[in-house]
Amino acid sequence: MIALQLAINGILLGGVLALSALGFNIIFGVMRVVNLAHGDFVVLAAVLCAYAFTQFGINPLLLLPVTIVFGFVAGALVHRFLLRRLPREIASAEASSLTLTFGLSYFLAGGGLALFGGSFVSVPFLTGAYQLGPISIPQARLLAFVAALVLSVGFAILLRSTLLGRAIRATSQHLEGALACGIDVDRVRTLGFATGTAIACAAGTLVSFLFNVNAQQGVLYTVNAFAVVVIGGLGNYTGAVLGALILGLTESFSSYLLGATLAEAAPYFLFILVLLLAPAGLLGKRAA
Amino acid sequence: MSLLAVDDLQAGYGDFKALHGVSFAVEPGEIVCVIGANGAGKSTTLKSIIGIVRPTGGTVIFDGEHIEGRAPGEVVERGVALVPEGRNLFAGMTVEENLMVGAHPKRVRRGVARRLRESYDRFPLLGPLRGRRAGSLSGGQQQIVAIARALMSEPRLLLMDEPSLGLAPKITLEIFDLVRAINRDGVAVVLVEQNVVQALELASRAYVLTEGKTVMEGAAATIRGNADVKRRFLGEVL
C-alpha cells in the first residue's frame, strides 16, 4: 500500500517536472542551448509567488498569467540582448552560450538573494489531503499536477497548430530546412527562448505551493529539467513526459527508502544510468 | 531583363572561400543547369542566392532588385524557393505540416488550405501520406515532399540542389518529369545535378563551375557536345 502511495506521489510530482522540462526542451530545440539558468527562472517565479502570497495574500494560481507574461518578456530580452549577440558560426558557439547562461544563473540567484533574502519560503496553500481509503492525495500536489497537465497540453497545442509553433518545431528539427522555407530563425529563437522561459515561470508558480524554495535553489531545478530531457531523449517531447514520470517516481521512492538527502542524488543517478545504457535517451533516435 | 542575374558572386564559410566569382543568368520560364565537380561551389551558389550563406562579394539581382546579403525570409517572400540538397525535411513533422511550413511567407499565408489541395492534386502520391511523419518516407517520396514544400511559397524561381541524389534511376526519371511539369507552368528552374546527361536534356542552357568560378556557359546541347565536359563530367573516353 505504501508503494501505491509513493507511486501516486511520484506521478503527481512528475507533472510539474514534465512542464518544467517542456520549457527546457523548447529552448534546446530551437537554439541548441542548454539553458543553465532554466531552474533560476523556476525558483524566481516561485519566490515571487510566495512573496505575493505572504505579503498580499494573492492566490498563486491567479498569478499564473502574470508569471507567464513575466517569463516571456524576460526570456525575449535575455535572448535579444544577450544570447543573440554571441558570435555564430564558430566552433565554440555552444561553449559560449553555456558560459552565458551559467553567468545568468548566478546573476538571477544573486539578484533573488538580494531582493528576497536567503530564507526558504513557501505558500501554505491547500495544505489538506483527499483520503481514498489508506491512500492520501495532498490537495496541493493534485492541483499542481492538473495545472501542469493543462498547461503542458495547452503549450503542446500551440506548438502544433499555430504558425509560430510550427516554425519553432521546424527550426528545432532542421535549421537549414527552416531557413530554406524563409523562416526568420533569429526571431523564432527569440520567441522560442521567451516561450521556454514563460513555461519555466509557470512551473515555478506551481512549485511555490509544493515545496520550500529560496532563490539559491535554481541549480536543483535546472538539473531536474536536464535529467528529464536527457532520459527521454533531447528534443523529444513525448520522451520528456516519460522522463518526468520516471524521475518523479524515483525521487518519491528514493526519498522514502533512502531519505531526502540521498534522494537529491536521484536525477544524477538516472542521468548516468541513461547515458551509459541508452545515450540517446529512452525515446531518442540513435545518432546516425 | 533576366529574372535572375548573378554577377561575380563570392562567398565562403569562415576563412574558407568557396566561391571566387560565379556569374550566370536565368531568363523567365527557362531551366538552367549548373554542373561541376564535387566542391566546385554549386550548393554554395544556391545557398548564397537564397541567403542561407552570406555572400562576401558580387551581386545577385532578382526581378530587377538586389537580393545579395538579404535574409532567406525576404528572398523567399520575393518569389525564390530552394529544394535543398539532402531534402532537409522536418523529419518529426507530418507531410502536411512540412507543406504548411513551406507556406510560411506572408505573401502565401492566406489560403493555405487551397494550396494544400492544389499540392495534393499535383502530387497525388502525397494525399494518402499527408498524416505520415516525413522521416518515415522513402527517399523518392521525401524528395517529392521537398519539392511540394518549396512550391507552397508559389515561387517564380525554383532552385533545385541535387534532386536525384540517392534515388533509383526510375525515381530519378519521375523527378525530372516533375521538374519539366513545374517549368511548363511558368516557374524558372536552376538545376544543380550529378546526372549531367539527363539534366542537360532538360535544360535550355548550362553553366560549368570549377573551383568556385564560372568557366563555361552555353546552350545545353553545346555544353553536352563539349569535349572537356564529356571527359570530365560524362565519363566519355574520347
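Reply: We start with pLDDT, which is the predictor's confidence in each residue, from 0 to 100. Where pLDDT is low, the predicted coordinates should not be read in detail. This is a predicted model, and in chain B the mean pLDDT is 94, with 99% of the residues reaching 70 or more. For the model, the scores are ipTM 0.94 and pTM 0.89.

Me: How many residues of chain A are in contact with chain B, and how many of chain B take part?

Reply: The contact joins 15 residues of chain A to 24 residues of chain B. On the side of chain A that touches chain B, helix 6 and helix 7 (175-180) each supply at least two residues, and helix 6 gives the most, with 5 residues. By class, that side of chain A has 6 nonpolar, 4 polar and 5 charged residues.

Me: How should I describe the way in which helix 6 of chain A and helix 3 of chain B cross?

Reply: Two packed helices are described by the angle between their axes and the distance between the axes. Here the axes of helix 6 (residues 163-173) of chain A and helix 3 (residues 95-102) of chain B come within 10 Å and cross at roughly 105°. Because angles of 65 to 115 degrees count as roughly perpendicular, helix 6 of chain A is roughly perpendicular to helix 3 of chain B.

Me: Which residues meet where helix 6 of chain A contacts helix 3 of chain B?

Reply: From helix 6 of chain A come Arg166(A), Ala167(A) and Ala170(A), which meet Glu97(B), Met100(B) and Val101(B) of helix 3 of chain B. The residues of this helix contact divide into 4 nonpolar, no polar and 2 charged.

Conventions. Residues are numbered from 1 along each chain as its sequence is written. Chains are lettered from A and ligands numbered from 1 in the order in which they are written. This is a predicted model: local features need pLDDT of at least 70, side-chain atom pairs count only at pLDDT 80 or more; totals for chains, interfaces and linings use all residues. Axes are lines fitted to C-alpha atoms, for helices over the stretch in contact, and angles run from 0 to 180 degrees between N-to-C directions. Helices (H or I, at least four residues) and strands (E, at least two) are DSSP runs, numbered from the N terminus. Angles under 35 degrees count as roughly parallel, over 145 as roughly antiparallel, 65 to 115 as roughly perpendicular and the rest as oblique. Two residues are in contact if their C-beta atoms, placed from the backbone, lie within 7 Å. Ala, Val, Leu, Ile, Met, Phe, Trp, Tyr, Cys and Pro count as nonpolar, Asp, Glu, Lys and Arg as charged, and the others, Gly among them, as polar.
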